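Q: I have not looked at this structure before. Could we go through it together?

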Amino acid sequence: MVDVKKTTPSVSEDPNALRWGFTPQSENWNGRFAMIGFISAVALEVFSGQGILHFWGIL
């Protein structure tokens, strides 16, 4: 047991690190991007007076 090497984890412990797959970090980023999109849609409607679909000419 004397020659046991201490290894460091290959995955960083940073909670804001961007990782692929279904990890808590990727779910945090997904939620952040969803909040940005929602606020952007609300701001667009407030400043233009139209909804997103009307703004893009879909409706």
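Predicted model: local features only at pLDDT ≥ 70, side-chain atom pairs only at ≥ 80, totals over all residues.

Q: How many helices and strands does the protein chain have?
A: The protein chain contains 2 helices and 0 strands.

Q: And what share of the residues counts as buried?
A: Of the 59 residues in the protein chain, 5% are counted as buried.

Q: Let's turn to Ser 26. Where does it lie?
A: Ser 26 belongs to helix H1, which spans residues 24-48.

Q: Is Ser 26 buried or exposed, and why?
A: Ser 26 counts as buried because its relative accessibility is 15%, and the cut-off for buried is under 20%.

Q: What does its side chain reach?
A: The side chain of Ser 26 reaches the backbone oxygen of Thr 23, at 2.9 Å.

Q: Changing topic: how many aromatic pairs are there?
A: The count comes to 1 aromatic pair. It is formed by Trp 29 and Phe 33 and is tilted, with 5.7 Å from centre to centre and 35° between the planes.

Q: Why are Trp 29 and Phe 33 separated by about one helical turn?
A: Trp 29 and Phe 33 are about one helical turn apart because they are 4 residues apart in helix H1.

Q: How exposed are those two?
A: Trp 29 is partly exposed, at 24% relative accessible area, whereas Phe 33 is exposed, at 51%.

Q: Which residue lies over the face of Trp 29?
A: Arg 32 does, at 5.0 Å from the ring centre.

Q: Now the surface: which residues form the nonpolar patch?
A: The patch is formed by Ile 52, Leu 53, Phe 55, Trp 56, Ile 58 and Leu 59. Together they have about 660 Å² of accessible area.

Q: Where is Leu 53 in all this?
A: Leu 53 lies in helix H2, made up of residues 52-55. Leu 53 counts as partly exposed because its relative accessibility is 40%.

Terms used: Residues numbered from 1 in each chain as written. Heavy atoms only, no water. Buried < 20%, exposed > 50% of the residue type's maximum accessible area, 1.4 Å probe, protein only. Polar contact = N/O pair within 3.5 Å; in protein donor to acceptor, adjacent residues only side chain to side chain. Patch = residues over 30% accessible without salt bridge, like charges linked within 9 Å, V, L, I, M, F, W, Y side chains within 5 Å. Areas by Shrake-Rupley, 256 points an atom, 1.4 Å probe, with all protein chains shown as cover. Salt bridge = Lys/Arg side-chain N within 4 Å of Asp/Glu carboxyl O. Phe/Tyr/Trp six-rings, centres within 6.5 Å; stacked < 30°, edge-to-face > 60°. Lys NZ or Arg CZ within 6 Å of the ring centre and 35° of its normal.
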